[in-house]
Amino acid sequence: MMMMGETAMRRLKWTLGLVLFVLLAQRIAPAGPGGPEVVLLDAPRGAWVASVRADAPLTVIEERDGWRKVRIEGWTTTDEAAPLPPAAIEPGGVMVTGVLTPLPGQKPDTVGAGIVVALVGDLERLAAEHRALGEDCRQGAKSLDSRIADLDGVFRKALNSSDNFTTAANRHDKAKAELNAARKERADYVARCLARADALFGGRAVARAVSDANGKFEFPKVAPGRYWIVAGEHHGTTVRAWWLDCPVSGSEAVILDPRSAEPVGDPYWGLR
């Protein structure tokens, strides 16, 4: 006979095998306060399945067209009383849909396909934390920009800095290397800031979806309340994002179009 308490102690071992895919270009996705996460989809540009820590032991099975097929093993509780993440989904809730259409000036000017879309809550605290993080990141980028400007000035003058060609050439090569290193440092710094923004919004996510090939996303049965829709991608030279106000009330479905919906701002503080 199963003794009382055994249900709470059982653990179901699970293996996510050959059906999970990681998008390389979007591998760092919205996450909790502990850091960025890896998003797992059921197929390339498929549906969101789960997210795991960036340092989770993923076994890569196959790589193709910017995707990795992975396997991961772990444990999940069978205790029905175990705490669950906050949810905005409830019976009788309304459907929230939208399309990640390109905003004016966005490059590439195509729909946002295969992008993780977060429905976030706890907006007052989130706004304050996002503002503080943005001030820190912008200040750091400003300092690096100033340093790059100084190094660029030295680089431009290096070849004329001496009548000795060898000396001038050496100074030129040194200045060029220092300038390139500073530019890389700035790019790495900005990438870390964007990942921190993803983590911040992901920590307040009450639901997630992945936009389809046409940029469409949907959240069914969303409970009444005020939310934000946040989505973004940053890889290589591509940085673009969507941040929309999403009030839900009554029983009418909510349809969001970035071209007409009320924008909140830039999740990435304009950092590029």
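Student: What strand order does the open sheet of four strands have?
Tutor: Strands (E, at least two residues) and helices (H or I, at least four) are DSSP runs, numbered from the N terminus. Two strands pair if DSSP finds at least two bridges between them. In this sheet the pairing is antiparallel, and the order reads S8-S7-S10-S11.

Student: Which are the edge strands?
Tutor: Look for the strands that pair on one side only. Those are S8 and strand S11 (238-248).

Student: Before we go on, what pLDDT do local features need in this model?
Tutor: Residues are numbered from 1 along each chain as its sequence is written, and side-chain values use heavy atoms, leaving out hydrogens and water. The model is predicted: side-chain atom pairs count only at pLDDT 80 or more, totals for chains, interfaces and linings use all residues, and local features need a pLDDT of at least 70.

Student: Which residue in S10 is the bridge partner of Leu 119?
Tutor: S7 and strand S10 (residues 225-235) pair in the antiparallel sense over four bridges. In S10, the partner of Leu 119 is Ile 229.

Student: What angle does the direction of H2 make with that of S10?
Tutor: H2 packs on the sheet, touching S7, S10 and S11, where contact means heavy atoms within 4.5 Å. Axes are lines fitted to C-alpha atoms, for helices over the stretch in contact, and angles run from 0 to 180 degrees between N-to-C directions. For H2 against S10 that gives about 35 degrees.

Student: And what angle does H3 make with S10?
Tutor: H3 lies across S7, S8, S10 and S11. Relative to S10, H3 runs at about 155 degrees.

Student: How many salt bridges are there?
Tutor: Side chains of opposite charge can pair when their charged atoms come close. The rule here asks for a side-chain nitrogen of Lys or Arg within 4 Å of a carboxyl oxygen of Asp or Glu. By this rule, the salt bridge count is 16.

Student: How many residues apart are Asp 122 and Arg 204?
Tutor: These two form a salt bridge, with their closest N and O atoms 3.3 Å apart. Asp 122 is in the loop between strand S7 (116-120) and helix H2 (123-158), while Arg 204 is in the loop between helix H3 (165-202) and strand S8 (205-210). The pair links distant parts of the chain, and the separation is 82 residues.

Student: Is Arg 204 buried or exposed?
Tutor: Buried means under 20% relative accessible area, exposed over 50%, and partly exposed in between (1.4 Å probe, protein chains only). The relative accessible area of Arg 204 is 12%, so Arg 204 counts as buried.

Student: Which parts does the salt bridge of Arg 204 with Glu 129 tie together?
Tutor: The closest N and O atoms of Arg 204 and Glu 129 are 2.7 Å apart. They sit 75 residues apart in sequence, so the pair ties together the loop between H3 and S8 and helix H2.

Student: How many residues apart in sequence are Arg 196 and Asp 136?
Tutor: Their side chains meet in a salt bridge at 3.6 Å, N to O. Arg 196 lies in helix H3 and Asp 136 in helix H2, so the pair ties together parts whose separation in sequence is 60 residues.
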